[in-house]
Amino acid sequence: MSEPITPIVGQEDRDKDLSQAIQETRKLVNTAGTKALVVNDLTSGDLHSIAWSGSASHLRNVAGQLDRVESGEVEYLTVRAPNGHPIAKGAIDYVDHEGFGTIFQLTTIRELEGLGIARHLIATA
């Protein structure tokens with residue numbers, strides 16, 4: 001007989017927060033447009049909230065990119081749902097091409113794709 005799966009501590013609450021973030025964001029975008037969504041810095045404290053964006057390896061890479069923010073090599077931004085949950089993210093690398101920024105790791109949570117949220121992030125950057 002296989003052992004029962006132990007849930008990740010707090011996972012149920014994070015799933016509930018994410019579901020709420022998706023619903024609230026759709027409602028806000030439908031009534032006020034994407035400009036009503038806040039764009040600000042992604043931080044290491046947000047890593048647990050962006051599991052939707054990729055694998056554990058991807059999240060480790062994001063953490064490494066966040067380490068480059070303080071030096072000014074990279075800017076890492078997120079669009080936040082009304083409840084503060086990150087719903088889109090993207091980074092700009094200022095080292096790759098001298099005098100230009102290279103956008104990378106740009107993604108929106110699947111349930112909110114096609115609403116112009118990533119476009120809003122880019123326009124704000």
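Reply: Asp 46, with a relative accessibility of 9%, counts as buried (under 20% relative accessible area, whereas exposed is over 50% and partly exposed lies in between, with a 1.4 Å probe and protein chains only). The model is a predicted one, in which local features need pLDDT of at least 70 and side-chain atom pairs count only at pLDDT 80 or more, while totals for chains, interfaces and linings use all residues. Residues are numbered from 1 along each chain as its sequence is written, and side-chain values use heavy atoms, with hydrogens and water left out.

Asp 46 lies in the loop between β1 and α2, where helices (H or I, at least four residues) and strands (E, at least two) are DSSP runs numbered from the N terminus. Once neighbours within four places in sequence are set aside, Asp 46 is in contact with Asp 41, Arg 80 and Pro 86, contact meaning heavy atoms within 4.5 Å. With Arg 80, the side chain of Asp 46 also makes a salt bridge, at 2.7 Å from N to O; the term stands for a side-chain nitrogen of Lys or Arg within 4 Å of a carboxyl oxygen of Asp or Glu. This pair links distant parts of the chain, 34 residues apart, since Asp 46 sits in the loop between β1 (38-41) and α2 (56-67) and Arg 80 in strand β2 (residues 74-80). Arg 80 is itself buried, at 13% relative accessibility.

Arg 80 leads on to His 85, as Arg 80 is among the residues that His 85 touches beyond its neighbours within four places in sequence; the others are Asp 17, Leu 18, Ala 21, Ser 49, Trp 52 and Val 79. His 85 is placed in the loop between β2 and β3, and it too is buried, with a relative accessible area of 11%.

Between the side chains of Arg 68 and Glu 73, the N to O distance is 2.8 Å, and Glu 73 is partly exposed, at 31% relative accessible area. Between Asp 93 and Arg 68, the closest N and O atoms are 3.1 Å apart. Here again distant parts of the chain are linked, for Asp 93 belongs to strand β3 (residues 86-97) and Arg 68 to the loop between α2 and β2, 25 residues apart. Asp 93 has a relative accessibility of 7% and counts as buried.

These residues can now be set against the fold. The protein chain has three helices and four strands, which follow the pattern α-β-α-β-β-β-α along the sequence. The four strands form an open sheet in the order β1-β2-β3-β4, with antiparallel pairing, two strands being paired if DSSP finds at least two bridges between them. Its edge strands are β1 and β4 (100-108), each of which pairs on one side only. On average, and with direction ignored, neighbouring strands of the sheet are turned by 25° against each other; such angles run from 0 to 180 degrees between N-to-C directions, the axes being lines fitted to C-alpha atoms, for helices over the stretch in contact. Seven bridges join the antiparallel strands β2 and β3, and among them Thr 78 has Lys 89 in β3 as its bridge partner. Helix α2 packs on the sheet, where it touches β2, β3 and β4 and makes an angle of about 145° with the direction of β4. Helix α3 packs on the sheet as well, touching β1, β2, β3 and β4, and its direction makes about 155° with that of β4.

For the chain as a whole, buried residues make up 34% of the 125 residues. Of the contacts with a separation of 6 or more, 55% are between residues 24 or more positions apart. The accessible surface comes to about 7900 Å², of which 51% belongs to carbon and sulfur atoms, by the Shrake-Rupley method with a 1.4 Å probe, only the protein chains shown counting as cover for residues.
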